[in-house]
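Thanks for coming. Please have a look at the model on the screen, and then I will go through one part of it.

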Amino acid sequence: MAAPRLDPWQWRDLLLQEIHLPRAVVATPVHEAVGHVLAEGIHSPEDLPAAPIAAMDGFAVRRADLTPGTCTLPVGTEIAARPGTPAVLTPGTAARIMTGAPVPEGADAVIEVEATDTDPFGPTPRTVSFTLDAVPPLRRHIRRPGEEIARGQELARPGDLVGAGLVGLVRALGLRELPIQRPLRVAIVVTGDELTGDDPTGATANGPTDGASEVPAPEPGTVRESNGAMLGAALHADGAEARAFHSGDAPEELRSTLEAASEHHDLVLTTGGIGHGAFDVVKALLGERGTGSSRFEHVALRPGGPQGFGHLPDGTPVIHLPGTPVGALVGYHLFVRPLLAGSDAEPRRVLRGAVDPGDGLLASTAASTAASVTASTAASTARRADHVQALPGRLRRDADGREVVDLLPGRRLAPYGRADAIVLDGGPDRPVPDGPVPDGKVSEGPVSNGLVTDGPVSGRSVVDSVVDGLVSDDGAEAATVLVVPL
């Protein structure tokens, strides 16, 4: 009897335990750190403001010189918001002061210009009269040192992404560099003799392009290579640097390609060559019949079941993904992204929606959509209740502001042109991850097949439910389902 297959969560945990990526710290100029992940916490090196400053245009005064009602003081000086330390305020006088200007020593309040008889746009007056209901409180309209930010105050934490707000904050405090995690350098090795790149001199493909530029037609027996560009784009979006390599199906060619790929890279991803065929070169070279340096499993996941990981001779970790583009994409988001610092790879619960007909992009009618999805996914889920089914979805907000995911129609990679989430359905019973349940009428039923059901477990998949229109208009029968945002 065959041993039970690992579910995707067990495989994910195994990779997190066995794959350790470097976390080098690089002091980076602030303007170049945007979008990168902080390696260390940031604390304020000083108080902000560093000295008392005026919070209003008006007049700096000593409160002891004021009385309720109307009082008049001579104006001894004018203080603008510019470098320099103002002279001490002479008792019995006022100083005209602008917002942001340093408050002179001796002053303990600023009276706003609106409470005076002066023209705010005119020259500095010789005297100023105040009309006061009461003597103002101590330090009125004076920003105290450290009022905005205190010395040593935490500004950002390790793992935070550097954004415009942090850039403005640290520059206001005089910081010129930030300690960021050096972007991981990832090599992508795509395998297969059948893969080919663009040929700018070949004949163009026939058929409509809907406005897209024409491309050369592939030669018989070839497949346009897309995994390298696709995974490179995903890695770039997650803050990593990526470079693609290509190897044919000859073991020695793959060996030399892996040697080149591991040099100067922190992680190597391979696609293809890990099935059970005679030309599955990655498994042949690195598996039990080869060096034995990689472990290969068929995870309880569709698509994307074939998976593997190991280490190359120089110690560089390697993760093996399927060669099918959908399998590679699903495997990346479920198993590679969790290893990347700063990526939002955790699945979350959202309300289950319906099948999105695609506004005519991928299916002409809801009926054809239902038939397509049922044939390609619902049947396999029913046959393999021990598998997790990965389905393309698109997130939205319903009328009540709740997050909902709709399944997208289409086969293989086609619906992922619009998808912004992977919907996880089927597989063994497992707890729904901790986190906020979407607001609204959400079922409190038992957990089955990776989702919260509406009542007793029936064995029906999320695909069966959405195809049959289980979700009512008022959402009364809505349940939650796990999604991984793309």
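How many bridges join strand β16 to β20, and do the two run parallel or antiparallel? Four bridges join them, and the strands run parallel. Keep in mind that this is a predicted model. For orientation, β16 covers residues 267–271, and β20 covers residues 317–321. Within this pair, Leu269 stands opposite Ile319 of β20.

Now the other partner. Strand β19, residues 306–311, also pairs with β20 over four bridges, but in the antiparallel sense. Here Gly308 has His320 of β20 as its bridge partner. β19 and β20 form a hairpin with five residues between the strands. In that hairpin, Gly315 takes a positive phi near 95°.

Next, burial. In a regular strand, side chains alternate between the two faces of the sheet. In β20, Pro317, Ile319 and Leu321 lie on one side, Val318 and His320 on the other, and all are buried. Because five of its five residues are buried, β20 is largely enclosed by the rest of the structure.

The largest nonpolar core has 42 residues.

Last, take Val330. Leaving aside neighbours within four places in sequence, Val330 is in contact with Leu301, Pro303, Ala390, Tyr416 and Ile422.

Note on methods. Residues numbered from 1 in each chain as written. Predicted model: local features only at pLDDT ≥ 70, side-chain atom pairs only at ≥ 80, totals over all residues. Heavy atoms only, no water. Core = buried A, V, L, I, M, F, W, Y, C linked by side-chain atoms within 4.5 Å. Buried < 20%, exposed > 50% of the residue type's maximum accessible area, 1.4 Å probe, protein only. Contact = heavy atoms within 4.5 Å. Pairing = 2+ DSSP bridges.
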